[in-house]
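Dear colleague,

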Amino acid sequence: MTIQPALPFPELDPLTADLPLSVWTTGQQDSRTQRRGRYLPASMAHPGKMLPAIARHAIEHYTSPDDLVIDPMCGIGTTLVEAIHTGRDAIGVEYEQRWADLALDNIGHAADRGATGGATAICGDARHIDELVSADVHGQAALVLTSPPYGSSVHGQVRSTRDTGRPNVEKFDHHYSRDPANLAHRSLEDLMAGFTEILTGCRKLLKPGGFLAVTARPIRRGGALVDIPTMAQMRRRPRGPRPQAHRTGPGLDGGHRREGHQREALDPERP
C-alpha cells in the first residue's frame, strides 16, 4: 500500500487533498470579486495588487492571532487589511503618498466592517524601514509578507473598442507612479539591490523563528522573460546556508491563477 505524504494545508481543496502537493488555491475568484465590499473601490486603480486570498492564506498559516505582520511595500494595504480581519496587528510602509493614504482608508474601512486587529501605513522609503518604525517593533514581527514592484508600467486595466467606440485598446491605471526615484522606475539591478536593502531592514523586525514570504511572478522586458521569483529568492539571504523554501510555479493551471510564493523561517540573530 502506498501512503501519500500529508499536505501542509489539506483543508484548502478537498478535490486534491490526497495529492502530495503544496499549491495555494487562491485564484478561484478574480481580484475585483475578492475585493468587492472589503476594500474601497479606488483600490482597483493600483496596478500591482496582491490578491487578498494570497495574503490571507499566508497570514493564517504562518502567524497566530495578536501576532504582528509587516509589509514593507504595502501599496493599498492588502496585507494590512487581511491581517486585521484575522485578528492580527500590522504595519505597512509605502513609498507613494497616494497609495499610503488609500491603505489608511482601507484600514479604516476594514475597522468599520468589524476587523479586530490594529494597523497603520507609513509613507516612506522602505529601504530605511528599521528607522521608520519605532524601536519597540524591532524583533517583534511574526511575518514579513510583501511583493516587489515589476517595473514602471504593468498590465493595469484596459478598455477595448467595444467600451470606447475608438480603435485600439486603451490602457489605464498601469503605472505605480511617475516618480523616477521609485524603485519601479529603476533598472532590474537597482530594483533587486533596493529589494535586498528592504529585506535586510525587515530582518531586524522579525522575531526569532519569524517568517518571510515573498509573492512574485516572472515579467517580460524587451521580449525576454525575467525570472523575478528566483531573483527575489537569491536576494533574501545573501549569506549563510541555503534556505528551505516553499514555492509554486507561476502561470495558469487548470483555470486556477497561481503566483510564485516563497517562505522561509528566519532567525534574526543569524548572519
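**Salt bridges and a strand pair**

E60 is partly exposed, with a relative accessible area of 38%, where partly exposed covers the range between buried (under 20% relative accessible area) and exposed (over 50%), computed with a 1.4 Å probe on protein chains only. Please keep in mind that this is a predicted model, in which local features need pLDDT of at least 70 and side-chain atom pairs count only at pLDDT 80 or more, while totals for chains, interfaces and linings use all residues. Residues are numbered from 1 along each chain as its sequence is written, and side-chain values use heavy atoms, with hydrogens and water left out.

The partner of E60 is R56, and the two form a salt bridge whose closest N and O atoms are 3.2 Å apart; the term stands for a side-chain nitrogen of Lys or Arg within 4 Å of a carboxyl oxygen of Asp or Glu. Both residues belong to helix α2, four residues apart, or about one turn of the helix, and R56, at 28% relative accessibility, is likewise partly exposed. Helices here are DSSP runs of H or I with at least four residues, strands are runs of E with at least two, and both are numbered from the N terminus.

How many salt bridges does a search of the whole structure find? The search finds six, and one of them joins R38 to E82, with 3.0 Å between the closest N and O atoms. Because R38 sits in the loop between α1 (31-35) and α2 (52-62) while E82 sits in helix α3 (residues 78-85), this pair ties together parts that are 44 residues apart in sequence. R38 is partly exposed at 22%, whereas E82 is buried at 1%. R38, R56, E60 and E82 are linked in a network of salt bridges.

Another salt bridge pairs K204 with D130, again with the closest N and O atoms 3.0 Å apart. K204 lies in the loop between α7 (188-203) and β7 (206-216) and D130 in helix α5 (residues 129-132), so parts 74 residues apart in sequence are tied together.

Turning to the strands, β2 (residues 89-94) and β3 (residues 119-123) run parallel and are joined by five bridges, where pairing requires that DSSP find at least two bridges between two strands. The chain passes from β2 through helix α4 (residues 97-112) to β3 in a right-handed β-α-β crossover, meaning that, with the strands pointing away from the viewer, the path from the first strand over the helix to the second runs clockwise.
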